[in-house]
Amino acid sequence: MSYFRAENLSLHFGGLKAVDSVSFAVEKGEILSIIGPNGAGKSSIFNLISRIYPPTSGRIFFEDQDITNQPAYDIAGLGIARTFQNIELFENATMLSNLLVGRHRHSTTRLWQELLFLPSVRAGEKMHRRRVEQVIEFLDLEAYRDKLISGLPYGVRKVIELARALCSEPKLILLDEPSSGLNVEETEDMSFWIRDMKTELGITVLMVEHDMTLVNRVSDRVIALNYGRVLAMGSPSEVQRHPDVVAAYLGA
Amino acid sequence: MRFLFKTDYEDDIKLFPHSGYVVSYGILLAFLLIAPFVLSSYLVSQLVFVCIYATVGVGLMILTGFTGQASLGHAAFLAIGAYTAAYLQQFNVPFPVYFLAGGLLTGVVGALVGFPALRLTGIYLVIATISFAFIVEEVLARWESVTHGNEGMRVKTLSLFGQAVPQNGPTFYYLCLAVLILTIVGTLNLLRSPTGRAFVAIRDSETAARSMGVNVSLYKVKSFAISAAITGLAGVLFAHKLSFISPEMFTLQLSIEFIIVILIGGAFSLHGAVLGAIFLVMIDPFLTYLKDDLPGIIAGIAATFGADSITAGKIHGNVAAIASANGLKGAIYGVIIVLFVLFEPLGLYGRWLKIKLFFQLFPLYKRATFKRQKIYVKSERNR
């Protein structure tokens, strides 16, 4: 059985088929990229997996568990973290508290304990902070700990969002266009981090990306989508040579 | 300027980041403790109101400032706390019991209000909470067997451990101060733990909060319940302070006053709640001053500029009519809110931070430091 599986996943908005009976599987420890022109349904698939939209039909399995009907907040608890295409950080909070929200699924303290700030809460806070510091070190974010997100540049926010996802110690991470808005150098850093996530942290990566250099550099496999349907699946070079993919991008 | 050198994770957890805070809050506390012995009884009574309003402000700040859920129904929560106290007092229930019962009952009602609020945002939530406040007001007026309807209820003098605590005495002031301080400490504890961060997460991006594993519905209900419970506790003290309560005291205007407390104070800090409460409580004497003295002053000015006694008398009469007009208070509140939203959205506490920074950076402070800039607005399409 595969690690993560989507079966005949569909999402219809009225007559528009944003995702049309898409099936794919992700193996444990691989980096799978989803490519496709704008409006192909890539981000919609992510929103289906993280349960922001309920699917019109189809099922989603993670570690052999059917997660199609799990509430959205449970998905993180199962070990699936995500980033967003348009950066959804908590703008009026510091980077540290943003990252600590990433630890939310690991918090075990109860409300009354927190009101009194009992030693257990204090110990929990320090433990969370230690984990957050590991991620900060991993992504070179030391300079921004107490900075408010609203004052930080786009490229840094992008990395912080990745950091927040990593703080939840996910087994599977969904990256929605990790390189959008980043310059060449930052994209290069991003590609190293994505590969390190796989090799050092053992995280399985599912990624939506437009930058083919990044896709080629990090992906084990690629899925090409257009109009909500799978066009091709395979190694990066196979997919790029596939006649349907060429037609979708060049309009031939 | 002070640079903090952090060597331990504890440095980011503790309530007072450095010794300067301990000194200044220590001085403030010392002043507050000796206040009943040095200030006039009128000022102490005003301080009691500041404590009560600030407690409500902290409660509302949790809901509006930190969780991002607007409420114009907090007068109703205050009323529930106050009426619980007045009702239970009839059966000789001791103060600690009905104090906590008031908080608990209001908290439960707050949670119940929170449930329908889950599906509402922004202005719709405001309308829902206003309607809730009207329902409570109406219930208080009609449920005569419990609330005595519009006749109102007399609240007996508070008695604590067999001692009478008159509402004008220093003990009652200390009680209110203790409730305020405990509320603030509890709230600060909450804010530095996972629950508080989840609240802030919901305020800034519900979508992201959800995908990080925050059960948004549960935390919204929690926030409503906590906010209501704190307001209910303040309501018990409010009832004792006024020693008489009736439904027309808990109107929409009172809810708006609470909004003013957090808006004027500064929408994202507990300092703001306290500063806003001070501001609001001080408005009343100012309005009384306007009513009593302003007509005379303006007529006097007119007279020095050569107006004859008949014209000056007319001016006096007109100004007095305006100053004592019905609803002037509401109008002034409205103007204050508009001016603050336009010119100082971060409220009094924001202004204080700017002044502080000016002296810390002197002479390098730049006016543009706090210039509001247009920033990238994220899409709301996942709502």
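Two strands pair if DSSP finds at least two bridges between them. With that in hand, welcome to a few close-ups of this predicted model.

**View 1. An open sheet in chain A is built from four strands.** Their order is E2-E1-E4-E5, and the pairing is antiparallel. Strand E2 (16-26) and strand E5 (65-66) of chain A stand at the edges with a single partner strand each, so one side of each has no neighbour in the sheet.

**View 2. Strands E1 and E4 of chain A run antiparallel.** E1 covers residues 4-13 and E4 covers residues 57-62, and five bridges join them. To find your way, look for A:Arg5, whose bridge partner in E4(A) is A:Phe61.

View 3. Domain 1 takes in 26-56 + 68-79 + 170-252, while domain 2 is 89-169. Their centres, taken over C-alpha atoms, are 25 Å apart.

**View 4. Chain A meets chain B.** Chain A brings 38 residues to the contact and chain B brings 29. In chain A, H2, helix H3 (95-102), helix H4 (111-116) and helix H5 (119-138) each supply at least two residues. The chain A side divides into 17 nonpolar, eleven polar and ten charged residues.

Notes. Residues are numbered from 1 along each chain as its sequence is written. Chains are lettered from A and ligands numbered from 1 in the order in which they are written. This is a predicted model: local features need pLDDT of at least 70, side-chain atom pairs count only at pLDDT 80 or more; totals for chains, interfaces and linings use all residues. Domain bounds come from an automatic or database domain assignment. Two residues are in contact if their C-beta atoms, placed from the backbone, lie within 7 Å. Ala, Val, Leu, Ile, Met, Phe, Trp, Tyr, Cys and Pro count as nonpolar, Asp, Glu, Lys and Arg as charged, and the others, Gly among them, as polar.
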